[in-house]
Amino acid sequence: MFEQHLAALPIILPLIAAPIVLILGRSTFAWAFATLVSAAACYFSWQLLWVAFDSNVISYAVGGWPPPWGIELRVDTTNAFVLLAVTALSTLVLLYAKDSIENEVAPSKHALFYTAHLLCLAGLSGILLTGDAFNLFVFLEVSSLATYTLVSLASDRRCLVAAFRYLMMGTIGATFILIGVGMLYMKTGTLNMLDLASRIDLYDSSRTINSGLAFIMVGVSIKLALFPLHMWLPPAYTHAPSAVSAFLAGTATKVAVYVMIRFIFTVFGVNHVFEEMGMDLILMALAIVAIFKCSYMATVQSNVKTVLAYSSVAQIGYMILGLSLVSAAGLMSGLIHIFNHALMKGALFMAVGAVFYRVGSVDISAFRGLGKQMPLTMAAFTIAGLSIIGVPLTVGFVSKWYLVTAALEQSHWAIAALVLAGSLLAVIYIGRVLEAAYLQSASPDSEPVREAPWLMLLPMWLLVLANLYFGIDTSLTTDAASSAAEWLFQTTESAAQGSAQ
Amino acid sequence: MSFILDYYNYWVVVFLMMTGFYIVISANNLVKRIVGLNIFQTSVFMLYISMGKVNGGTAPILVEGVDVYSNPLPHVLILTAIVVGVATTAVGLSLIVRIKRAYGTVEEHEFETQGDVI
Amino acid sequence: MTLLIDLVLLAMLALTALRIIFLKDLFAVVMLFGIYSFLSALIFVNLDAVDVAFTEAAVGAGISTVLMLGTLALTGRNERECERSSLLPLLVVCVTGAVLIYGTLDMPPFGHADNPVHEHVAPRYIQDSPQEVGLPNMVTSVLASYRGFDTLGETVVVFSALIGVLALLGVRREDNSLTPESGLKSHLVLHVVAKLIIPMIILFALYVQFHGDFGPGGGFQAGVIAAAAFILYALVFGLPSAFSVVSPKFLQVMASLGVLLYASVGLYSMAKGGQFLDYNKLAANPIDGQHYGIIIIELGVGITVFAVMLSIFYAFSSQVARLNIR
Amino acid sequence: MLFLDIVSGILLIAGVFFGLSGAMGLFRFPDFYTRVHAASVTDSVAAILILGGLLLQTSFDLNTAKLLFILAFLLITSPTASHALAKSARHGGLLTLAESKHSKAGQAE
């Protein structure tokens with residue numbers, strides 16, 4: 001029975017669990033239940049990835065209505081791969097959240113936190129799995145509303161302004177996507193992505209389709225925090241509770257990257273977006289500026305969470321850069337980086353959250369001497385930090401390796417050099433934290449601190465070990481990403497040929 | 001003339017959308033921004049409903065002796081979007097209430113001067 | 001004639017929107033927004049979207065405006081002057097507007113029956129839904145059956161809004177002795193009239209709930225209308241007495257149960273061997289199955305929307321009550 | 001039938017006239033209480049006339065019943081609303097034009 005509904009389960013499970021958690025109320029029950037559900041969703045998405053490997057595409061018609069009349073869930077390796085990263089990170093973050101949330105969120109709001117987390121997970125899974133452009137908008141709003149709630153749960157008053165700005169930008173982005181989808185619908189009469197793709201080919205140079213494309217791209221860029229539209233992200237990630245930052249940094253914007261990939265490759269077609277509209281140059285320029293501007297911003301911050309937030313924007317730059325190379329190898333490097341970034345940013349934010357749990361501050365000065373006092377946490381931070389920099393044997397190296405190879409494949413020497421130069425900036429911002437932790441000693445009048453609780457260390461170290469494991473044994477990630485990338489390119493090319501005939 | 005008749009509706013709707021959008025990004029007061037956002041969204045709804053209209057058609061409810069109906073699909077989409085809009089509005093307004101309690105003001109430029117925003 | 005009405009309404013909308021930009025009195029801004037919402041509901045009627053008009057009037061002009069007024073009571077009604085340059089926003093708006101206008105130039109002309117929108121996908125809804133789903137109101141058929149998953153998502157959005165508002169504001173049960181009497185307590189006329197019309201409103205809500213299959217209406221509108229009845233009760237008789245009729249905790253459970261009711265229809269159809277939300281599997285005869293499915297999910301939607309809207313109102317007005325005590 | 005049409009036309013035109021005069025009054029009257037008075041004219045007289053005109057246009061079916069319900073609802077709610085408005089204004093200490101002139105004169109002396 002489960003095999004048949006595999007495509008729907010990762011959405012339905014958290015969606016049904018969320019109201020149950022609200023009714024359960026008691027925070028330990030709520031926590032255990034939410035974690036179990038998230039783990040189950042993770043298990044099913046793992047299964048889904050294997051099925052997608054074997055059969056390329058799984059189509060699930062919700063309500064029994066065939067597409068394009070009903071809503072279709074459509075799974076291929078691309079979304080199954082991203083979904084695995086999202087559900088796995090969600091499960092680990094929920095494990096971690098128990099202690100972290102008890103420290104940072106008022107007790108009466110614990111059940112609300114778990115409910116909102118599950119809603120966010122359900123929304124993200126919905127965005128990933130759906131094959132319907134309007135259904136995507138609905139799930140985008142489910143996840144966004146839950147995200148605003150999660151960000152605003154922190155006890156610091158600054159999280160409120162951050163959440164409000166996030167809400168404004170997010171809603172504008174969603175409305176832009178709505179306008180874009182409306183323009184496509186107007187021209188084609190359908191909302192199913194595959195059907196849209198085949199009918200858009202009939203109107204390649206229509207002004208309506210092109211401005212629809214522009215609106216969708218701008219809307220998605222706001223959601224994924226592409227460079228000039230990223231201003232909502234650093235405050236939101238800085239002031240959100242640690243568990244929320246760890247979850248969102250690894251998932252929310254990455255799902256938006258997936259949405260961009262899906263629209264470019266499945267709906268509009270590579271030829272149309274990149275060759276006729278020239279979007280690859282715009283994306284490439286913005287990505288490079290993002291890498292340097294935001295990496296630089298990360299080096300001058302004093303709050304470590306802000307450092308990591310700016311670093312996230314820079315890392316999104318790497319993903320978009322891979323995408324803008326317009327090759328299967330470039331796309332593959334982007335997809336691998338989505339997965340790998342979830343591993344490293346999750347671990348980094350968890351380590352910072354553990355420091356906040358014990359020290360009560362995430363300022364860079366608070367890290368002084370922690371190398372001795374919290375050795376396990378700081379070791380995790382160090383390894384994940386090395387991964388961000390791109391040191392061999394970590395996942396960061398794998399991502400950068402494929403990105404540089406993809407650039408060199410098209411003899412973009414300058415881009416390869418810029419990617420490496422960007423890593424140097426990462427050395428600086430990670431290095432500043434490590435220097436404070438290992439080389440400076442704690443100020444004598446500060447209280448000595450203990451290591452973080454084991455329930456926080458466990459998921460953190462699982463992520464760190466995953467960083468190392470997938471850095472050495474890259475077969476799973478590269479297989480998944482390369483088959484996804486090839487599949488996307490293959491479908492978009494066959495669609496182009498189909499319209500040419 | 002028929003060109004104008006065919007398109008005037010879209011143009012006015014675009015004008016309304018942009019008025020709402022302008023209020024969203026230019027207003028200082030957070031409540032006014034939410035109002036702007038609602039105007040922006042309502043105007044987008046009008047764009048959708050406009051495309052569902054068929055001249056001489058009636059509301060898509062089956063009636064004896066009528067065979068031209070307007071398109072029900074945009075109506076369904078917009079029903080969903082309206083409810084999504086009010087959900088966002090409710091969360092946004094409660095954030096504003098909390099911001100007022102925490103900062104004592106809901107004017108953008110006034111809490112920027114309080115220094116600890118970022 | 002339709003054209004003339006359309007033009008007049010659009011002109012009034014444009015005037016209202018422009019006025020909102022320059023007004024500094026936020027109370028007037030919110031009131032104008034209510035007017036804007038009602039005018040757009042009229043436009044929707046004129047464009048044959050009766051269900052949408054109903055929802056816009058109930059949700060946009062009703063609930064949104066009430067919530068905005070509640071916020072104003074807490075934040076003050078005047079916008080302060082600010083020396084910020086409005087050049088950049090103006091530029092952004094002009095560019096966006098230019099892209100939109102550019103996009104409209106290739107759009108299918110307004111109202112023509114041979115537009116792509118009317119030729120693909122939609123014809124099945126119009127021609128076959130009365131037989132396949134068995135309801136005269138095609139909007140309800142599409143909403144609840146063909147795109148039932150969207151509607152589930154929408155119900156969950158409403159539920160997430162409840163989570164957001166509860167996390168931010170919470171509903172406090174004030175000590176009865178501390179709560180000031182509602183300002184309207186001395187209004188004998190209001191009491192009598194409210195007692196008279198609250199049952200009528202609830203009756204109307206039930207009509208809208210169960211008549212949605214045949215005419216405009218359905219779970220969302222019914223939920224909002226039923227919530228309006230209780231909001232009226234809370235306004236006239238004070239929040240504490242409303243709490244003793246429907247307690248905030250009970251509403252949270254109700255909101256959750258509504259979502260669960262909706263989802264359980266999907267689970268049941270899965271257990272019966274169909275896809276998620278496949279109503280054909282609910283009964284031996286597919287048409288009956290569709291009918292049961294739609295009635296149950298509309299009920300789930302109605303319950304959730306009612307509970308969420310009322311909870312949100314509780315959250316806002318218990319904030320106002322706190323302010324009054326201080 | 002023609003006779004009914006003429007009567008309904010007259011009712012509608014009269015309703016529109018009162019609606020317009022109410023709107024004029026809302027703008028032109030000097031203080032709150034006179035304005036409420038003008039607005040409630042629109043609510044009651046104009047609504048009754050217009051609904052009456054519409055009633056004559058129906059063929060006495062379900063629509064007639066619905067219109068009658070609306071009429072009954074309006075007849076109960078709109079005077080109540082005006083009453084509540086005026087009473088709250090009075091409760092909140094708002095003076096009529098004559099009173100405020102009087103009190104100003106009192107202060108001047």
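Me: Why are helix 5 and helix 10 of chain A called roughly antiparallel to each other?

Reply: In this predicted model, the axes of helix 5 (residues 133-151) and helix 10 (residues 242-268) of chain A come within 12 Å and cross at roughly 160 degrees. Axes are lines fitted to C-alpha atoms, for helices over the stretch in contact, and the angle between N-to-C directions runs from 0 to 180 degrees. Angles under 35 degrees count as roughly parallel, over 145 as roughly antiparallel, 65 to 115 as roughly perpendicular and the rest as oblique. Helix 5 and helix 10 of chain A are therefore roughly antiparallel.

Me: What makes the contact of helix 5 with helix 10 of chain A, and which residue classes does it hold?

Reply: Helix 5 of chain A contributes Leu136(A), Thr147(A), Leu150(A) and Val151(A), and helix 10 of chain A contributes Val244(A), Leu248(A), Val259(A) and Phe263(A). Contact here means heavy atoms within 4.5 Å. By class there are seven nonpolar residues, one polar and no charged. Ala, Val, Leu, Ile, Met, Phe, Trp, Tyr, Cys and Pro count as nonpolar, Asp, Glu, Lys and Arg as charged, and the others, Gly among them, as polar.

Me: How is helix 8 of chain A oriented against helix 10 of chain A, and how do you know?

Reply: The axes of helix 8 (residues 207-224) and helix 10 of chain A lie 8 Å apart, at an angle of about 160 degrees. That angle makes the two helices roughly antiparallel. Their contact includes Leu213(A) and Val220(A) of helix 8 and Met260(A) and Phe263(A) of helix 10. It comprises 13 nonpolar, two polar and one charged residues.

Me: What is the handedness of the crossing between helix 1 of chain A and helix 8 of chain C?

Reply: The crossing is left-handed. That term applies if the near helix is turned anticlockwise from the far one by less than a right angle, and right-handed applies if it is turned clockwise. Helix 1 (residues 9-24) of chain A and helix 8 (residues 148-168) of chain C pack at about 35 degrees, with axes 12 Å apart. Among the residues that meet are Leu15(A) and Leu22(A) from helix 1 of chain A and Val156(C) and Phe159(C) from helix 8 of chain C. The contact holds ten nonpolar residues, no polar and no charged.

Me: How do you know whether the length of helix 1 of chain B agrees with its number of residues?

Reply: The expected span is 1.5 Å times one less than the number of residues. Helix 1 (residues 2-26) of chain B has 25 residues and should therefore span 36 Å; its end C-alpha atoms are 36 Å apart, which agrees. The helix also bends by about 45 degrees at Tyr8(B). The bend is the angle between axes fitted to the seven residues ending there and the seven starting there.

Me: Which pair of chains has the most contacts, and which pairs do not touch?

Reply: Chains B and C have the most contacts among the four pairs that touch. No contact joins chain A and chain D, whose closest C-alpha atoms lie 34 Å apart. Chain B and chain D do not touch either, with nearest C-alpha atoms 15 Å apart.

Definitions and conventions:
Residues numbered from 1 in each chain as written. Chains lettered and ligands numbered in written order. Predicted model: local features only at pLDDT ≥ 70, side-chain atom pairs only at ≥ 80, totals over all residues. Heavy atoms only, no water. Helix = DSSP H or I, 4+ residues; strand = E, 2+ residues; numbered from the N terminus.
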